[in-house]
Amino acid sequence: MPYELCFLLFMLGLYCAVVKKNMVKIVVGILIMEYAVNLFLVMLGYRHGGVAPIIDKSYLESQAALNNFVSSSVDPLPQALVLTAIVISLGSLALMISLCIRIYEKYGTFDITEIRRLRG
Amino acid sequence: MEQEQQNSGGVQKEEISNGAKGMTIIVKTISSWVKVLIFLFGIYIVLFGHLTPGGGFAGGVILASSYVLLMLAFGREFVEKDLPLVIVSKLDCLGALLFALIAISGFVFGGTFFFNFLHQKYHLGESLRLISAGTIPLSNIAIGLKVGASLFLVIFLLSTFRRDASSNK
Amino acid sequence: MSIPLPAFVAIPLATAFLLPMFGKQRKDAATVVANIATILLLLFAIACIGESGVYEIGKWPIPLGINLVLDGLSSLLLLAIGVVSAAVMLFSAGYMEQYTAKPKYLSLFLLMVAGMNGVVLSGDIFNLFVFLEIASLASYALVGFGCGHEELEASFKYTVLGTIASIFILFAIALVYGNTGTLNMAYISKAIQSSGMNAGLGFAMALFIVGFGLKAALVPFHAWLPDAHPSAPAPISAMLSGVLIKSLGVYALARVVFNVFGISLAVGWLLITLGILSMVIGAFLAIGQWDIKRLMAYSSISQIGYVVLGIGLGMMLLASGANPAWASLAILAGLFHMVNHAVYKSLLFLTSGSIEKATGTRQLTEMGGLARRLPFTRTTCTIASASIVGIPPFSGFWSKLILVMAAIQAHYYWIAAIIVFVSLCTLIMYLKVQRYVFFGELPENLSHVEENGGSMLVAMVFLACLCVLMGLLVLVPSLRDSILEPAVRVLTDGLKYSDVVMGM
């Protein structure tokens, strides 16, 4: 069930990025798509009734405690992937916003139907 | 008052802190105290990155946001005098070069890139304490420095654009 | 193995972050350092011919850590990237004097080279995504470098479309991780072999084809290329058209589809269809252009269609159980065409940059009769045009000949007919370029243009010599066995990639 909602959010972001005419709205649509993918990635590692994957001194005492921890903790690898993906989307968002500002300075509008010097 | 001193042209620091630019004086006083706490919190998140959640990137964002708070409360020129852009951009490059240096020293001392030579070869400290896990805290510091400087530079430069100004990047 | 593989990524990254320390006053020193870095990468790439190996980063064993894999396909692409980036960096030492922020350009350029090297060497699918993003972000910024009206518009279009493609690729990686539980390409391939394809993996394959197809500018996804390539500064157009769309698009597609997911008939026919559409539509749209760089950009789309057609034909022949010699001939043609196109298309864009710097215009109707004023540019442009059209003995002829031979040998005569027809269209479009730029009469305002000298000339002559000599790569058996055959064998062996990586 949560996976379908994630996919719905992705489709919503894609609709927004494709249909809207204002440049900033297109950028927001791309952001929503990225959030949806990050959410999907985090949900992949979830385990029902799991504990946070932070190890403590008490888990290191015996092998049985360590095995118990490993089998009941949430998968930490997707969390590392999401961290990297968030950093990448931050960089690309900064680039897109600065492009929007520069285009506004040159053309005077945010409307993409009026920014059509290159055609053919 | 101190406005008679340093009467060279432009905006002086004392004028700003006495209400010439930026927000009201309540905001300015509180934010100048809170900024130090935020900066300290950012350093804590960076340093304890191998024990608690956080690490280089999250700590760097908090470091940058402390200066952004200062920029919002006091105005852009004040922050530019406080922390010139040239120094921030050099700090940015320094952070990345430090990270590359850690990777290469893993190669020099251990045999492969990013090899955690402090932990696996020299066994510095016991596990789950502050000084442990080898080169990971050093990488966290380098990344925190770089991310903080980069994000501050990005937000500062984005706020400089204006419609009719001759902005050059 | 003699050279540590991370050096290919670490050297450009470290240099890219060292260069802004020089500042604006010492930009000549910065240019020299950047050139030394790219020439060093070329030497390393030449030293890695014929070797193969796996490098585990941080000495973590394979499923736990990230590894870098060098095999035949990677070394072929590293060589292509090294050659083109060294030549283009030399060219941009002279060309970029007209822009004010040159050290930033050099840093971004080196970041793009580091990203491309990382994509080619990576053995872990998420690491491939990270390096793909580094190269893409650097190229989005470089396309809009001049900050004029058209550059910013083209850069915005390219950024939006490229970011959407990257999000599709990330979604596909998430689906693959959810289904197999590992991120290493060798382990994913083993897991897919043992469990078979299900709906999630099929959807992931479709998303990969869309995402990498957009990066490679195949036809339904080509809309960004005709705007981005002309508006970029000329050395950046050469890099984008020469190596970026190949290493980020075609290489990643081939690696994922051949080595990770395995060969299938439907995907082979899909690649053939996309290739034929790109070839035909790119050629038709290019003939009517009057802007020299826009014409070359459409012709890039058409030539990438050749490469994807070759690879798709090979896959379809392997999957339908035909003679494997036919399949390896088709894949050899595709890969050789990829390397050829890297050399001559970047030479074409560099000559168009030289023309633009000398005359100040890009429209074909405003030029004419430049043959006597710009002799070196004219010679190199003619060599590159003859190569791309396919005139013997230049390099383009051999790759097109082998592709036609592969199609005829496999009894697909209609594919061979389409290839010959598109070659005729390519001939028409480059004859148009030659006639309008170099022959005809010289307009009044261009009567005092001068040849560009110095580093720009050296770079163009270097690439022109390579164009002439590249035909030897297929004709001389020893060169072919050491450079091209290992690459072909990596793709035809397909799923044995995982055995090779886990055994090393």
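So, α13(C) passes α15(C) in a left-handed crossing. Keep in mind that this is a predicted model. On your screens, α13 is residues 324-359 of chain C, and α15 is residues 395-409 of chain C.

Anything over 145 degrees counts as roughly antiparallel, so that's what we call α13(C) and α15(C).

Okay, which residues in α13(C) meet α15(C)? From α13(C) we have, among them, C:Trp326, C:Leu329, C:Phe336, C:His337 and C:Tyr344. On the α15(C) side, the list includes C:Ser395, C:Gly396, C:Ile402, C:Leu403, C:Met405 and C:Gln409. Sort the residues of this contact by class and you get eleven nonpolar, six polar and no charged.

Now let's move to where chains B and C touch. Chain B puts 13 residues into that contact, and chain C puts in 13 residues as well.

You'll find B:Ser32 in helix α2 of chain B, which covers residues 25-47. Is B:Ser32 buried or partly exposed? Count the C-beta neighbours inside 10 Å and you get 14, so B:Ser32 is partly exposed. To be buried, a residue would need 20 or more. And if you look for B:Lys146, 114 residues away from B:Ser32 along the chain, the two C-alpha atoms are 24 Å apart.

Technical notes. Residues numbered from 1 in each chain as written. Chains lettered and ligands numbered in written order. Predicted model: local features only at pLDDT ≥ 70, side-chain atom pairs only at ≥ 80, totals over all residues. Axes fitted to C-alpha atoms, helices over the stretch in contact; angles between N-to-C directions. Helix = DSSP H or I, 4+ residues; strand = E, 2+ residues; numbered from the N terminus. Parallel < 35°, antiparallel > 145°, perpendicular 65-115°, else oblique. Left-handed = near helix turned anticlockwise from the far one by under 90°. Contact = placed C-beta atoms within 7 Å. Nonpolar A, V, L, I, M, F, W, Y, C, P; charged D, E, K, R; others polar. Buried ≥ 20, exposed ≤ 12 C-beta atoms within 10 Å, placed from the backbone.
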